[in-house]
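Work through the exercises below with the model open. Each task is followed by its solution.

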Amino acid sequence: MSHMKGGRKNHSHGSKKGHLGEKGKEIAQNVDEDSLVMRQFRAYGAELDDKNDRFERILKICRDITIESKRIIYLLHTIDNESKQGSILNQAKTKLQNVAQNHFKRIALELEKEGPYQYLKAYRSSLEEYIEAVTFYQYLHNDELEGWSEIEKMITYTITDKPEPRTIRTLVTPREYILGIADLTGELMRKCINNLGTQDIDNCYQICNFVKKMYTGFLSCTHFSNKEMNRKLFTLEQSLHKIENVCYIIKVRGSEIPRHILIDVATENYAESDEGYQGY
């Protein structure tokens, strides 16, 4: 009997679903497509489609920015003596300017009259990669870094089209700048090891002192604490330990080990586990 009741119950639900389906079709057929509500829904749909399309266009631009930034970083790592430094720095500067004018300008045009924070997620990672490349260039050129507002000026543009000139920019927040220079410390660690290989000992100590100052600065950024920042800080600390290890080997064991073997000693403990270092 319970089975029969269950069967009747299921049949009852099925009839209700069928009834609702037919009712829904009837309502849909009688909807006034020109009503205010329907026009509003179509407007919302068009607005959402426009935002999604813009988001995807920015993502495509960002892939090029990331690739070009990595190429610039690799180019800067090819500096192995002072005679090549000027030429390579000029090449890197030109490439950085091209990325700003050809790629970030397209993003700025996409963001014009739009809320930039809505699309920050689309270009955040490529912006951090670009900041890493720019600051690496700045360090090799001037032994110092410019602030985040200076980075933003690099990707701010004046448009002279009619009816009147206007200024557009790609938003750079302090968060993206901080995360970008956190990645820079990894490149400085690799530069330190490369310098050890070319026997540029003095520069190893210089990089060590610079990264120590950066690490001290990061420890004071407690109000920026979040998962991503903590991860970057952990990686920064690891890079600093590797740089300090290089300086230790130079100072303590440099007198007993031939200089051309120092780099093998300095990297034997972590070269296999350091993905980025092997990439160079």
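**Exercise 1: contacts and core**

Leaving aside neighbours within four places in sequence, which residues are in contact with Ile107? Contact means heavy atoms within 4.5 Å. The partners of Ile107 are Ile58, Ile61, Cys62, Ile65, Tyr123 and Thr170.

The model is predicted: local features need pLDDT of at least 70, side-chain atom pairs count only at pLDDT 80 or more, and totals for chains, interfaces and linings use all residues. Residues are numbered from 1 along each chain as its sequence is written, and side-chain values use heavy atoms, with hydrogens and water left out.

A nonpolar core is a set of buried (under 20% relative accessible area, 1.4 Å probe, protein chains only) Ala, Val, Leu, Ile, Met, Phe, Trp, Tyr and Cys residues joined through side-chain atoms within 4.5 Å.

**Exercise 2: an aromatic pair**

Describe the pair formed by Tyr139 and Phe210.

Step 1. Rings of Phe, Tyr and Trp (its six-membered ring) pair if their centres lie within 6.5 Å; planes under 30 degrees apart count as stacked, over 60 as edge-to-face and the rest as tilted.

Step 2. The centres of the Tyr139 and Phe210 rings are 4.7 Å apart and the planes stand at 55 degrees, so the pair is tilted.

Step 3. Tyr139 belongs to helix α4 and Phe210 to helix α7, so the pair ties together parts 71 residues apart in sequence. Helices are DSSP runs (H or I, at least four residues), numbered from the N terminus.

Step 4. Tyr139 is buried at 2% relative accessible area, and Phe210 is buried at 16%.

Terms used
Helices (H or I, at least four residues) and strands (E, at least two) are DSSP runs, numbered from the N terminus. Buried means under 20% relative accessible area, exposed over 50%, partly exposed in between (1.4 Å probe, protein chains only).
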